[in-house]
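Student: Please show me the chain and its model, and then let us go through them by question and answer.

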Amino acid sequence: MEAQAPAVGPWLYRCFTCRNNVALHDDVISTDFRGYHGRAYLFYRAMNITTGPNEDKQFVTGQYTVADVFCNECKETLGWKYVHASEEEQKYKEGKIILEKAKIVKETW
């Protein structure tokens, strides 16, 4: 009888601090973003997070209204949500979530 490889579920991202599930790999739009602490990923959506108040911020790509996102388990700041983009070519980011690579870990379930 031939040995079978163990079943591996979908990849997901977890909070680096408490391992709370925060996003699915299938929801990654881009891995080529910059966060406050280095590389960051842009996601269609995230889970088990809470958002802070809206703030206007100037980034390299333009003016945005953003809200910080936090792990709803340990309250670690994980990134931000784009609420509004002033530049027309940046509107695709609205409603999307940035999670910083330094604040998340990729695992399977």
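This is a predicted model: local features need pLDDT of at least 70, side-chain atom pairs count only at pLDDT 80 or more; totals for chains, interfaces and linings use all residues.

Tutor: Residues are numbered from 1 along each chain as its sequence is written, and side-chain values use heavy atoms, with hydrogens and water left out.

Student: How many helices and strands are there in the chain?

Tutor: Helices (H or I, at least four residues) and strands (E, at least two) are DSSP runs, numbered from the N terminus. From the N terminus on, the elements run β-β-β-β-β-β-β-β-β. The count is zero helices and nine strands.

Student: Over residues 11-108, how far apart are the end C-alpha atoms?

Tutor: UniProt, in an unreviewed entry, places the feature "domain: Yippee" at residues 11-108; such annotations may be inferred rather than shown by experiment, and UniProt positions are given in the numbering used here, with feature names shortened. Over residues 11-108 the chain is 0% helix and 63% strand. The end C-alpha atoms of residues 11-108 are apart by 5 Å.

Student: Which residues touch the most other members of the largest nonpolar core?

Tutor: A nonpolar core is a set of buried Ala, Val, Leu, Ile, Met, Phe, Trp, Tyr and Cys residues joined through side-chain atoms within 4.5 Å; buried means under 20% relative accessible area, exposed over 50%, and partly exposed in between (1.4 Å probe, protein chains only). The largest core has 14 residues, and the elements that give two or more residues to this core are β1 (11-15), β2 (21-24), β4 (38-43), β6 (62-71) and β8 (97-100). Apart from it lies another core of 10 residues, including F33 and W80. In the largest core, those that touch the most other members are Y13, V22, F43, L78, L99 and I104.

Student: Is L78 buried or exposed?

Tutor: L78 is found in strand β7. Leaving aside neighbours within four places in sequence, L78 is in contact (heavy atoms within 4.5 Å) with residues including V22, I49, F70 and L99. Because its relative accessibility is 0%, L78 counts as buried.

Student: Which side chain of opposite charge is nearest to K96, and at what distance?

Tutor: K96 lies in the loop between β7 (77-85) and β8, and its side chain reaches the backbone oxygen of Y92 at 3.1 Å. Lys and Arg count as positive and Asp and Glu as negative, while His and the chain ends are not counted. K96 is buried yet has no salt bridge, which is a side-chain nitrogen of Lys or Arg within 4 Å of a carboxyl oxygen of Asp or Glu. The nearest side chain of opposite charge is E94, at 8.1 Å.

Student: What is the phi of R19?

Tutor: Most residues other than glycine have a negative phi. R19 is in the loop between β1 and β2 and is partly exposed, with a relative accessible area of 38%. R19 is not a glycine, although its phi is positive, at about 70 degrees.

Student: Where is N48 found?

Tutor: N48 is a residue other than glycine with a positive phi, near 55 degrees. N48 is partly exposed, with a relative accessible area of 33%. Its place is the loop between β4 and β5 (49-59).

How values were computed. A polar contact is a pair of N or O atoms within 3.5 Å; within protein, one must be able to donate a hydrogen and the other to accept it, and residues adjacent in sequence count only if both atoms are side-chain atoms.
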